[in-house]
There are 2 protein chains.
Amino acid sequence: MTDPTTPPLILDVLRERRSPSVFDPAHELSDDQLASLLEAARWAPSNGNAQPWAFVVARRGDAAHGVLVGALSRGNSGWLPPASVVLVTLARTTPEHKPALADYARYDLGQAVAHLCVQAASMGLGVHQFGGFDHDALAAAYEVPDEWSVVSGVAVGRPWPVDERTGVDPSTAERELRERRRKPLSELAFGTRFGEPLPVRPTH
Amino acid sequence: MTDPTTPPLILDVLRERRSPSVFDPAHELSDDQLASLLEAARWAPSNGNAQPWAFVVARRGDAAHGVLVGALSRGNSGWLPPASVVLVTLARTTPEHKPALADYARYDLGQAVAHLCVQAASMGLGVHQFGGFDHDALAAAYEVPDEWSVVSGVAVGRPWPVDERTGVDPSTAERELRERRRKPLSELAFGTRFGEPLPVRPTH
């Protein structure tokens, strides 16, 4: 902020995270790796410690995965099936005790998924989240109770190095080359009121 | 998962994160530190890269902070004011382009906040999120547009070591000693369908 030409320092695991679209179709996630991902999600914070999150784990080739692949939007049906595992995420949108917590179910699920992504990145795994699939079809097939909402899919796998790839659809490969873009800080951080820039303060 | 007596390995920054309730009332967050926190949030993933998040930054002692402190619930008015900075979080719940993204505004905000918390933990800062305050009062005072919802507060500061503390309310100090608890993995990760345990697979 003091020197606008130098981006602020952040953890490599945050700066270098990206959403790969080409996964190694032969890679399998071990049970220990899966356990670490779920453990990272499990320890996320949540409003009132309600922990309003759950995951249906679909491994490439199993029954849950078959259901998922059949429910994908056209845009996701090409790149996604080779990923090793997909976690279908659920938020408890009808809270058990305090109705006021409903507004935090998706927020807290997002935190748990972010923890999972950070953990995955630290293990050299790639994660690509997606929302384009038939949510009602999965809720029915996975027998999700009414108190829970199907929210997103989280594809996890080994990003496939370019020099090892065979048979990858060019449009899928192209997705990966897109530059990562974000809004400037001035559009997301405000001082005093919405839209006001952060005040410049003397450097400590 | 293979050995239920050993918890799965996760990053220290995730395992050791907790929400402190006693902050050093003399600590000030530097602009560079604040920039790193916001930069971590900025690079979070989001559905369609919509980045539906924003933050009003309230520093202890400034006008935005005064407004916030006046809007706190009784449960938060004791522990919170000494924190160095509070970020009031906003989700764009009326999306700019695709209405279908509304369901992801809070989810993606949660991801951005989780990134911020991980970054803070890596810098030795404590973060304590809270929802108990008059959201409408802050929306009015901060002139938040109708397309955005006030969602949470994120208090950031230096956790105050026990041997340096003076004048801390005993009930606030007690909050910190609570053991961190989470549901067991069997209540949040399912195979095949909701409620089914994850299948046990041979170790690789």
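Visitor: Which residues of β2(A) point one way and which the other way, and are they buried or exposed?

Guide: Bear in mind that this is a predicted model. Val85(A), Leu87(A), Thr89(A) and Ala91(A) point one way from β2(A), while Val86(A), Val88(A), Leu90(A) and Arg92(A) point the other way, and all are buried. The general idea is that side chains in a regular strand alternate between the two faces of the sheet.

Visitor: What do I make of the strand as a whole, then?

Guide: Strand β2 (residues 85-92) of chain A has 8 of its 8 residues buried, so it is largely enclosed by the rest of the structure.

Visitor: Which strands pair with β2(A), and over how many bridges?

Guide: Take the two partners in turn. Strand β1 (residues 53-59) of chain A pairs with β2(A) in the antiparallel sense over 7 bridges.

Visitor: Let's move to chain B. What is the strand order of the open sheet of 5 strands?

Guide: Read across the sheet, strand by strand: the order is β5(A)-β1(B)-β2(B)-β4(B)-β3(B), and the pairing is mixed. Notice that β5 of chain A and β3 (126-130) of chain B stand at the edges; each has a single partner strand, so one side of each is left without a neighbour in the sheet. On average, neighbouring strands here are turned by 30 degrees against each other, direction ignored.

Visitor: How many bridges join β5 of chain A to β1(B)?

Guide: There are 3 bridges between strand β5 (residues 189-191) of chain A and β1(B), and these two run parallel. One place to look is Gly191(A), whose bridge partner in β1(B) is Val57(B). On to the next pair: β1(B) and strand β2 (residues 85-92) of chain B are antiparallel, with 7 bridges.

Visitor: How many residues does each chain bring to the contact?

Guide: Chain B brings 69 residues and chain A brings 68 residues. α4(B) gives the largest share of the side of chain B that touches chain A, 12 residues. Sorted by class, that side has 36 nonpolar, 18 polar and 15 charged residues.

Visitor: And how are the two copies related?

Guide: A turn of 180 degrees and a shift of 0.0 Å along the axis put chain B on chain A with an RMSD of 0.0 Å. The two copies are thus related as by a two-fold rotation axis. The same surface serves both copies, as 97% of the contact residues of chain B recur in chain A.

Notes
Residues numbered from 1 in each chain as written. Chains lettered and ligands numbered in written order. Predicted model: local features only at pLDDT ≥ 70, side-chain atom pairs only at ≥ 80, totals over all residues. Contact = placed C-beta atoms within 7 Å. Helix = DSSP H or I, 4+ residues; strand = E, 2+ residues; numbered from the N terminus. Nonpolar A, V, L, I, M, F, W, Y, C, P; charged D, E, K, R; others polar. Pairing = 2+ DSSP bridges. Least-squares fit on C-alpha atoms with pLDDT ≥ 70 in both. Axes fitted to C-alpha atoms, helices over the stretch in contact; angles between N-to-C directions. Buried ≥ 20, exposed ≤ 12 C-beta atoms within 10 Å, placed from the backbone.
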